[in-house]
Amino acid sequence: MRRSRARNAAAVTLAAALTAVTAGCGGGSTTDGEGSNDNPKELTYWASNQGTSIAHDKKVLTPELKRFEKQTGIKVKLEVIPWDSLLDRILAATSSGQGPDVLNIGNTWSASLQATGALLAWDEQHMKKVGGAERFQPSALAAAGAPQKDPAALPIYSLAYGLYYNKKMFKDAGIDEPPATWDELVKDGKKLTGDGKYGIAVEGGDPVENSHHAFILGKQHGHDFFDPSGKPTFDSDGAVKAVKQYVDLLAAEKIAPPGNAEYAKRESVRDFATGKAAMLLWQAAATSLKSNGMKSDEYGVAPVPVQAKGSGEKGTRSMVAGINLAVFKNTDNIDGSLKFAKFMTSDEEQRTLNAAYGSIPPVKAARSDKAFDTPDLKVLREVLSSSSAPLPQVPDESKFETLVGNATKELFADAAAGRKVTTASVKKELSAAQQQMRK
């Protein structure tokens with residue numbers, strides 16, 4: 001099976017960065033401790049691409065940052081960074097000591113970035129400055145750093161995976177309700193596949209999406225990808241079953257098109273919105289679907305299927321997905337950074353920003369707003385509260401996303417090229433990923 005040089009290089013870079021001790025991030029004059037106030041009138045903020053485009057994010061964020069400036073006199077220099085380069089940028093900053101003051105991070109990276117020592121710890125003293133830990137949903141805060149440690153970041157956007165389905169395509173195929181199990185999804189998908197249309201769209205070229213689905217399916221097969229001590233178990237039977245089941249949507253079941261193996265920039269969302277695929281597994285897709293011309297009454301949202309009805313503790317339907325806000329420990333505007341964190345996690349900003357992005361506020365008081373009572377968000381809120389689990393908060397978690405995500409990408413590519421994906425080939429690819437982890 002083919003090996004990806006890019007995959008190996010990314011893992012090596014990641015390993016080096018995660019063992020680095022950061023110094024002087026944000027341009028502060030100190031090399032340890034909690035930064036300085038050498039530059040009290042300015043902040044640099046790296047935002048993640050939450051909207052439909054970089055331009056959309058700037059349109060959403062700029063008025064809010066101006067409001068913060070008016071309140072505090074602190075100017076915020078904004079840079080919105082695409083997801084496919086955000087982790088690399090952050091890791092380079094932790095290694096070089098040249099980074100922003102405040103930044104967004106995928107919540108699954110929290111423990112990995114915490115291990116670099118680059119991020120400010122949100123201990124009780126710092127938490128008081130934003131109103132206390134009790135303001136946040138416990139599940140969101142649990143995905144903000146390693147267990148038994150102070151959080152490395154604050155939750156600002158919460159997300160969960162759901163199964164989006166095209167109502168008209170389902171009706172035309174004689175399907176009365178969305179599938180509750182994976183067997184039902186495959187059966188429905190085959191009914192919906194034909195005449196140039198497919199049962200489901202997947203983002204097979206995106207390592208992060210791949211790793212998330214591997215984790216969810218792994219939980220359903222009783223597997224976590226790490227043992228209790230934090231050691232990787234990428235090639236266990238449960239992991240192999242999980243990855244193979246996901247890839248088989250394209251490889252064996254053929255309810256996803258071969259071209260999906262290369263999708264890595266939300267093309268699957270576009271295909272679903274334009275009627276090329278009848279189902280989509282995605283996090284809070286409403287804003288993206290709207291931007292692609294799909295009306296909210298044209299689709300429904302259901303929980304991600306499970307292996308069997310009544311699965312109990314193996315009924316995980318989503319990871320605890322979301323975005324956290326972190327402060328580089330050695331910022332040169334520590335007071336301003338803390339003020340900005342308080343502003344971004346305030347009830348008012350939480351309502352404004354999460355409503356704009358179609359996500360769910362991790363701040364309890366903001367969730368009561370009617371903007372988060374839409375049919376799709378009701379489903380996703382229930383999934384978050386009752387059937388989601390955080391990815392393992394271990395220092396090597398982000399390497400899991402890179403390595404297992406890319407291994408899955410390779411398997412999708414094999415399937416698209418007509419090469420058979422077998423249990424043995426999946427195990428071989430995951431074993432190679434595990435070996436890379438240990439280097």
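Which residues of β5 are covered on one side, and which on the other? I started my notebook with that one. Y161, L163 and Y165 lie on one face of β5, G162, Y164 and N166 lie on the other, and all are buried. Buried here means under 20% relative accessible area, with exposed over 50% and partly exposed in between, using a 1.4 Å probe and protein chains only. I also noted that β5 is mostly covered, with six of its six residues buried.

**Ground rules.** I am reading a predicted model, where local features need pLDDT of at least 70, side-chain atom pairs count only at pLDDT 80 or more, and totals for chains, interfaces and linings use all residues. Residues are numbered from 1 along each chain as its sequence is written, and side-chain values use heavy atoms, leaving out hydrogens and water. Helices (H or I, at least four residues) and strands (E, at least two) are DSSP runs, numbered from the N terminus.

**The sheet.** Next I looked up the neighbours of β5. I found an open sheet of three strands in the order β6-β5-β7, with antiparallel pairing. β6 and β7 (299-302) are at the edges with a single partner strand each, so one side of each has no neighbour in the sheet. On average, neighbouring strands of this sheet are turned by 30 degrees against each other, direction ignored. For such angles, axes are lines fitted to C-alpha atoms (for helices over the stretch in contact), and angles run from 0 to 180 degrees between N-to-C directions.

**Pairing.** Two strands pair if DSSP finds at least two bridges between them. β5 (residues 161-166) and β6 pair over five bridges, while β5 and β7 pair over four. I traced some partners: Y161 goes with Q283 in β6, and G162 goes with W282 in β6. Y164 stands opposite L280 in β6, and in β7 its bridge partner is V301.

**Helix α10.** I then turned to α10 (residues 237-247), where eight of its eleven residues are buried. Among them are G238, A239, K244 and Y246. The buried residues of α10 pack against α9, α16 (397-416) and α17 (423-438), where contact means heavy atoms within 4.5 Å.

**α9 and α16.** How do the axes of α9 and α16 cross, and within what distance do they come? They come within 7 Å and cross at roughly 95 degrees. The two helices are therefore roughly perpendicular to each other; that label covers 65 to 115 degrees, while under 35 is roughly parallel, over 145 roughly antiparallel and the rest oblique. On the α9 side I picked out P207, H212 and F215 among the contact residues, and on the α16 side F400, E401 and F412 are included.
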